[in-house]
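Student: I have not seen this protein before. Could we go through it step by step?

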Amino acid sequence: MPGLVERLERGAGVADVGCGHGVADLLIGRRRPASTVTGFDAHEASIAKAIEAGSPDNVSFRVADAAGIGTGPYDVVVFFDSLHDLGDPPAALRRAHEVLADGGLLIAVEPWSTDRLEDGIGNPTVRIEYASSTALCTPGSPAQPGR
C-alpha cells in the first residue's frame, strides 16, 4: 500500500476491525512506536487473549463490533482477514469510511481463494480454506447483526 509505512513511521492512528488476538496490532505497535493502534473485536475471549499478551503503550484493545469502533478519526483502518467473517461487510466498510480521516487509508486484506471449489480442488490449501470457511466463517457471519 503506497505511503503506508511512511505514515506509520510518522505516527498514525490505526483501527484494526476484527483484530482477533491482536497479533497484527502488536507487531505494528512494536515496530512503529510513533503510531497508536486500537484493535476491535466483538469476541470478548479474543480481546482478553490480546490484552493478556501484553502490549506497548501505543496499543490498546476494545470489545466492539464494526459499528462500535468509535468516532475516529483514524488515519488507517484495516480489516486483516476479518471482513468476510462479519455479519454485514458493506455496513462495516461504510462505518470504516465514516471514521477515516481525510486522506486516510482503508485496507482490507482477505485470503485468496477461488470462486468455485472445483477450480481449486487439486490444491490442498484451497480445500482446507473451504472447509474452514464452511465450518467457521459461514455459521459465524449469520449469527451477527446485519446478516
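## Reading the model

Tutor: We can start with one residue. Cys19 sits in the loop that runs between β1 (13–17) and α2. Keep in mind that this is a predicted model.

Student: Is Cys19 buried or exposed?

Tutor: The cut-off for buried is under 20% relative accessible area. Cys19 has 10% relative accessibility, so Cys19 counts as buried.

Student: Which residues is Cys19 in contact with, leaving aside its neighbours within four places in sequence?

Tutor: Contact here means heavy atoms within 4.5 Å. With neighbours within four places in sequence left aside, the contacts of Cys19 are Asp25, Gly39, Phe40, Asp41, Ile47 and Phe61.

Student: What separates the C-alpha atoms of Cys19 and Phe79?

Tutor: Along the chain, Cys19 and Phe79 are 60 residues apart. In the model, the separation of their C-alpha atoms is 7.7 Å.

Student: How many helices and strands does the protein have, and what pattern do they follow?

Tutor: The protein contains 6 helices and 5 strands. Taken in sequence order, the pattern is α-β-α-β-α-β-β-α-β-α-α.

Student: Why is the protein said to be as compact as a globular protein of its length?

Tutor: For 147 residues the globule rule gives 15 Å. The protein is as compact as a globular protein of that length because its radius of gyration is close to this value, at 16 Å.

Student: What box do the C-alpha atoms fill, and what share of the residues count as buried?

Tutor: Along the principal axes, the C-alpha atoms fill a box of roughly 45 × 30 × 30 Å. Of the 147 residues, the share that count as buried is 35%.

Student: Which residues touch the most other members of the largest nonpolar core?

Tutor: This core has 16 residues. At least two of its residues come from each of α1 (4–10), α2 (23–31), α3 (44–52), β3 (59–63), β4 (74–80) and β5 (100–109). The residues that touch the most other members are Leu4, Leu8, Val14, Phe61, Val76 and Ile107.

Student: Which residues does Leu4 touch, not counting residues up to four places away in sequence?

Tutor: Residues up to four places away in sequence are not counted. The residues that Leu4 then touches are Val76, Leu105 and Ile107.

Student: Where does Val76 lie, and what is its relative accessibility?

Tutor: Val76 is part of strand β4. Val76 counts as buried because its relative accessibility is 2%.

Student: Which residues does Val76 touch, not counting residues up to four places away in sequence?

Tutor: Residues up to four places away in sequence are again not counted. The list for Val76 is then Leu4, Arg7, Ala12, Gly13, Val14, Ala15, Leu100, Leu105 and Ile107.

Student: What separates the C-alpha atoms of Val76 and Arg127?

Tutor: Val76 and Arg127 are 51 residues apart along the chain. The separation of their C-alpha atoms is 33 Å.

Student: Is Val37 buried or exposed?

Tutor: Val37 lies in strand β2 (residues 36–41). Its relative accessibility is 0%, so Val37 counts as buried.

Student: Which residues does Val37 touch, not counting residues up to four places away in sequence?

Tutor: Val37 is a residue of strand β2. Not counting residues up to four places away in sequence, Val37 touches Val14, Asp25, Ile28, Gly29, Asn58, Val59 and Ser60.

How values were computed: Residues are numbered from 1 along each chain as its sequence is written. This is a predicted model: local features need pLDDT of at least 70, side-chain atom pairs count only at pLDDT 80 or more; totals for chains, interfaces and linings use all residues. Side-chain values use heavy atoms; hydrogens and water are left out. A nonpolar core is a set of buried Ala, Val, Leu, Ile, Met, Phe, Trp, Tyr and Cys residues joined through side-chain atoms within 4.5 Å. Buried means under 20% relative accessible area, exposed over 50%, partly exposed in between (1.4 Å probe, protein chains only). Helices (H or I, at least four residues) and strands (E, at least two) are DSSP runs, numbered from the N terminus. The radius of gyration is taken over C-alpha atoms; the globule rule is 2.2 Å times the number of residues to the power 0.38.
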